[in-house]
Amino acid sequence: MAAPGENLRINPDRLWDSLMEMAKIGPGVAGGCNRQTLTDEDAEGRALFKKWCDEAGLTMGLDEIGNMFMRREGTDPDALPVYVGSHLDTQPTGGKYDGVLGVLGALEAVRTMNDLGIKTKHPIVVTNWTNEEGARFAPAMLASGVFAGVHTLEYANDRVDLEGKRFGDELERIGWKGDEKVGDRKMHAYYELHIEQGPILEAEEKTIGVVTHCQGLWWLEFTLTGKEAHTGSTPMPMRTNAGLAMARIFEMVQEVAMAAQPNAVGGVGQVTFSPNSRNVLPGKVVFTVDIRSPDQAKLDGMRAEIEKRAAEICEPLGVGCEIDPVGHFDPVTFTPELVENVRNAAERLGYSHLDIISGAGHDACWAAKVAPTTMVMCPCVGGLSHNEAEEISKEWAAAGTDVLFHAVLETAEIVS
């Protein structure tokens with residue numbers, strides 16, 4: 001089949017307007033978004049997305065975990081669909097583009113196909129995955145994980161947030177639980193567009209990231225148990241200080257990650273102190289260590305080293321230490337044929353490009369378990385993401401979506 005012509009481009013103004021309109025739902029306090037999964041704001045964002053899909057002539061499938069599948073028919077009723085999408089949920093202090101660009105870029109690609117009267121052999125399904133972020137309900141990429149058979153539906157429904165609310169109850173409450181069995185669908189291929197969430201593309205002055213791999217991840221949830229005591233009247237040698245153990249573990253995680261260079265990272269982003277009072281030593285501290293690497297042996301070695309050294313830190317302090325692996329995926333190698341489609345599309349359209357490894361986890365990591373999969377990336381200013389100051393340019397958004405559009409058309413096969 002001939003490749004799509006280089007004159008085929010999406011409508012950048014319509015794409016940008018859609019991004020800005022979605023950003024009005026769940027606005028953050030500093031210019032970004034707070035549209036956490038299974039909140040009222042999530043429900044409102046889903047409704048707007050469905051409205052736009054209805055207007056584009058797409059039909060919706062909704063599964064039992066709330067994944068939205070918006071289908072554009074192909075000419076061959078027996079051909080498996082090409083899936084393309086990402087997520088609409090955000091971090092508590094998230095940006096306007098993380099995930100959202102992938103969903104609305106996919107919708108814009110379909111809108112452009114409609115504008116140009118393009119027919120494809122394979123159906124195209126624009127997808128919004130539930131709870132990619134994992135900010136409210138751990139682990140991240142929860143619903144795509146159930147779809148790929150990594151988690152059970154029961155496991156997902158029983159996840160709880162910091163207020164003790166169940167995932168399954170909240171999904172029903174917002175009205176976005178479907179009847180379709182999770183994972184019943186078969187994919188011909190899956191594409192995902194995303195902002196890089198790192199500084200490499202901008203620093204290298206490249207417009208398109210051709211994603212070849214996604215690094216693996218462990219989320220290790222630590223529960224340290226000490227003894228609550230008055231910070232002023234408890235002698236230093238008589239303290240069982242869970243906060244001190246936490247601080248030493250933080251420093252240790254930094255040391256382990258630095259010793260594993262290159263291509264390894266580690267840090268802590270969430271901490272809960274109890275009772276969290278100024279003049280009370282914490283009786284319990286809960287935090288999550290996030291370690292990542294594209295090298296499986298290095299990733300697992302870091303986990304083993306961190307767990308060993310954490311025990312060595314806590315024991316002399318008299319602090320109890322429990323470690324629960326609440327999130328994990330192995331490094332992913334994306335499908336070479338689809339990667340080549342992305343690279344060829346960037347070259348055909350005249351966009352500078354660079355092969356890149358994704359530092360963040362994405363729904364594409366789980367989709368790769370059940371179908372040929374790859375990703376397209378565009379830069380973000382300063383590499384900043386998971387922050388309300390996250391920013392991209394209209395031109396970057398259009399370029400990434402143009403490349404996505406061409407790659408999807410190549411796989412879905414244009415019918416002349």
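**Chat about a predicted model**

Trainee: Where is the place of Asn 276?

Mentor: Asn 276 sits in the loop between β10 and β11. Strands here are DSSP runs of E with at least two residues, helices are runs of H or I with at least four, and both are numbered from the N terminus. The model is predicted, so local features need pLDDT of at least 70 and side-chain atom pairs pLDDT 80 or more, while totals for chains, interfaces and linings use all residues. Residues are numbered from 1 along each chain as its sequence is written, and side-chain values use heavy atoms, without hydrogens or water.

Trainee: OK. What is phi of Asn 276?

Mentor: Near 60°, which is positive in a residue other than glycine.

Trainee: Buried or exposed, that Asn 276?

Mentor: Asn 276 counts as exposed because its relative accessibility is 59%. The cut-offs are under 20% relative accessible area for buried and over 50% for exposed, with partly exposed in between (1.4 Å probe, protein chains only).

Trainee: And what else is in the loop between β10 and β11?

Mentor: Pro 275 is in that loop. The peptide bond from Ser 274 to Pro 275 is cis, with omega near 10°. Another cis bond joins Ala 138 and Pro 139, with omega about 5°.

Trainee: Switching topic. Which residues of α1 are buried?

Mentor: Leu 15, Trp 16, Ser 18, Leu 19, Met 22 and Ala 23. Down the axis of α1 they fall within an arc of 155°, so they line one face of the helix. The arc is taken from the directions from the helix axis to the C-beta atoms.

Trainee: What do they pack against?

Mentor: α2 (40-55), α3 (100-116) and α12 (394-412). Contact means heavy atoms within 4.5 Å.

Trainee: Now β7. Which strand does it pair with in the parallel sense?

Mentor: β15 (residues 353-358), over six bridges. Strands pair if DSSP finds at least two bridges between them. In β15, His 353 is the bridge partner of Ile 208. β7 also pairs in the antiparallel sense with β16 (residues 373-378) over three bridges, and with β14 (residues 332-333) over two. Gly 209 faces Met 377 in β16, and His 213 faces Thr 333 in β14.

Trainee: Last one. How far apart are the C-alpha centres of domain 1 and domain 2?

Mentor: They lie 33 Å apart. The bounds are 12-215 + 331-415 for domain 1 and 216-329 for domain 2, and they come from an automatic or database domain assignment.
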